[in-house]
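Biologist: Please guide me through the reading of helices and their packing in this model.

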Amino acid sequence: MSDEFRPIKLSEIKAFFSGLSLKEKIAVSARAIMVFIALFALIVMFVKAEGNARNETELLIGCFTLLGSAFFFRPLFFLLLYFPVFFILMLNVHLRRTYGLFLSDVANQVFAVIGDTNKTEVFEYLAGASFFELIALLLTAPLSVCTLFYTPKFKEIPVKWIRIFCFIIVLSYPFGNLSQLAPVVKTKFSPEQKEILEKAAAFKFNPEKSGNKADTVVILIGESHRQAEFNPAFDKYVSGFQNLYRFSDMTSLFAGTLNGVPTILSRKKATDRFNFFYEKSVFSLFKEAGYETYFVHYTNTAFEQNQLSVIYKEADHFIKYAKKITPVTDESILPVLENLLANRKKKKLIVIKMIGIHINFSERYPDPGFSSFRRFWTSLKPKTKEREMYHYNKAISYSAGVIADIMQKIEQRPEPSLLLFSSDHGICIFDKGTFHIPATCQNAFHIPAMLLLNPALTAATSDDAKKNLACNQDKPLTAEYYFETIASLAGISYSSADKRYDLTRKCDPLHEKKRPVYTAGKDYFYEDL
Ligand SMILES: [Zn+2]
C-alpha cells in the first residue's frame with residue numbers, strides 16, 4: 001500500500017477503465033452492477049428492518065464483504081461469496097415485502113417448502129415477485145458469466161495486505177448474511193432430531209390381526225380451505241350422502257402444510273415443537289393391519305427429508321396424480337382413485353393431498369372467459385381483500401364440487417368404506433390487515449372437516465359410536481382427534497391407542513379447554529386470536 005493515504009480521483013478511475021480491453025471492461029462493469037444490486041438490497045433491508053433484525057454491524061460486515069470480494073477476489077472466489085449473500089438478501093427482500101417477515105424468522109419453513117415444491121408452483125410464485133426481484137434474478141446469471149473475463153490486479157498493494165484482507169472477509173462472512181441460515185443448520189444437525197428419527201424408525205403399533213371393519217379408508221386432505229366459505233359452498237351436496245358427519249368447529253394445529261399434514265396423519269400433538277415425530281404415521285398402522293397403502297399427491301416426492309416426506313415415504317405407493325398444474329388439477333384425482341378402487345383384492349388406505357385452494361386463488365378454478373394471460377396478469381396485481389375473496393370464493397365453490405364427486409365414489413362402494421375430508425389449515429385473507437402471513441387470525445386454523453361412512457360401514461358401526469360422532473359435530477375439536485377416530489372406525493385396535501382422542505367414544509372431549517396453536521413463531525390459543 002502506498003505510504004500516503006489520499007482519496008482516489010475520478011480521473012484515475014477513468015484512466016484505469018479506459019486502459020482495459022473491451023472484455024475486461026465488460027467484466028469490471030458486470031462486477032460493479034452485481035455489487036450495486038446487492039448493496040442496494042442490503043441497504044433497503046437495513047432501512048426496512050428499522051433496527052429490528054439487522055443491526056449496523058451486520059450491515060457493515062455485509063458491505064465490507066461485498067466490496068472487498070469485488071475488488072480483490074478472483075472471479076470464481078468472488079462468485080462463490082456473492083451468490084449465497086445475494087440469494088439470502090433477495091429472499092429477505094421478498095419475505096419482508098410480501099409477508100413483513102425476515103428469513104431468520106421463517107428460515108426452516110422456507111427451506112422445507114423449497115424442498116417440497118414443483119416447477120409450476122415456482123413459476124406461479126415468481127409471477128408475484130416484484131420488478132426489482134425479477135430484474136435482479138434475471139441479470140445475475142449473464143453478469144456472473146461476464147465477471148469471468150477478468151481478474152483484478154492491484155499492483156501497488158503488497159500481496160501480504162491482500163491476503164490479510166481476504167482472510168478477514170472470509171472470517172466475517174459467516175457472521176453476516178450466512179448467520180440467517182443458523183436456524184436451518186441448527187435443526188438439521190440437532191441431536192434431539194436425530195434421536196426422534198431413530199425412535200420413529202424403530203416404532204411399531206402392533207395392532208391386533210383381526211377385527212378390521214372398513215376395507216377402504218380414504219383420507220382426503222385439502223389445501224387452505226376455510227370452514228367459513230367451504231361450509232355454505234358444500235351445503236348443496238349434502239343430500240347425496242346417507243351418513244355424513246360435518247364438524248363445524250374443527251381447527252388445525254398449524255397454519256402451514258408441512259406442519260399441518262403430519263398432525264392429521266400421525267398422533268403428533270399441538271404442543272410438540274419438534275419438526276419430526278417419534279412415532280410412525282397412519283400409513284404404518286394400516287400397513288401393519290394388513291392394508292395396502294397409497295399416498296396420492298399433486299407434486300413429486302420431495303428431494304429432501306422434511307416432516308411431511310418422512311411420513312409419506314412410509315406408504316407402499318406414491319402416486320403423482322397431476323401431470324401438469326392447471327385450473328382443474330384436482331379433477332385428475334378421480335380417475336386415479338377409480339383405478340385404485342377397482343382392485344378389490346386388498347384392503348386399502350388411500351391418502352390424497354389436493355392442491356385445493358393453494359395460492360394463487362385465481363388459478364384454482366376453471367373460467368372459460370379467463371385466459372392464461374389474464375390469470376397471469378391478475379396474479380401480478382397488488383392483492384386486495386376484495387379481489388382475493390372474489391377468486392377464493394370461486395375456487396372454493398369449484399373445489400366443493402370436486403370433493404363431493406370424490407366422496408360419491410366412496411359412498412357407492414359395496415364394501416365398508418370410510419372417508420375423512422379435512423383441510424390442512426385455513427388462511428388469513430386480510431382478516432387482520434395482511435395476506436396469508438403472519439397467520440394470526442382464526443380463519444388460518446378454522447377448517448372444514450367431514451367423516452363419511454358409506455352404507456356398508458354404517459351398518460357395521462355401533463349406534464353408540466354414531467351417536468357420539470353426531471354429538472361431536474358442533475363441539476370444539478382439533479386435528480388431534482382424527483387418528484384414533486379413523487383407526488377405531490376402521491376397526492383397528494392396538495394396545496397403545498389413546499381412547500381420549502377417539503370421537504366415537506366420547507362427546508365434547510375438550511369441554512371448554514382452549515386450543516393451543518403455534519404461529520408466527522409464538523404460542524397462542526385459537527380462542528384468543
Ligand atoms: Zn397447505
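**Contacts, helices and a crossing**

Modeller: Among contacts in the protein (C-beta atoms, placed from the backbone, within 7 Å) between residues at least 6 apart in sequence, 78% join residues at least 24 apart. The model is predicted: local features need pLDDT of at least 70, side-chain atom pairs count only at pLDDT 80 or more, and totals for chains, interfaces and linings use all residues. Residues are numbered from 1 along each chain as its sequence is written.

Biologist: How many helices and strands has the protein?

Modeller: The protein has 20 helices and 10 strands, taken as DSSP runs (H or I, at least four residues; E, at least two) numbered from the N terminus.

Biologist: How is a pair of packed helices described?

Modeller: By the angle between their axes and the distance between the axes. Here the axes of α11 (residues 227-234) and α17 (residues 385-411) come within 9 Å and cross at roughly 50°. That makes α11 oblique to α17, since angles under 35 degrees count as roughly parallel, over 145 as roughly antiparallel, 65 to 115 as roughly perpendicular and the rest as oblique.

Biologist: Which residues make the contact?

Modeller: E229, F230, A233 and F234 of α11 meet Y392, N393, I396, S397 and A400 of α17. By class, this contact of α11 with α17 has 6 nonpolar, 2 polar and 1 charged residues.

Note on methods
Two residues are in contact if their C-beta atoms, placed from the backbone, lie within 7 Å. Axes are lines fitted to C-alpha atoms, for helices over the stretch in contact, and angles run from 0 to 180 degrees between N-to-C directions. Ala, Val, Leu, Ile, Met, Phe, Trp, Tyr, Cys and Pro count as nonpolar, Asp, Glu, Lys and Arg as charged, and the others, Gly among them, as polar.
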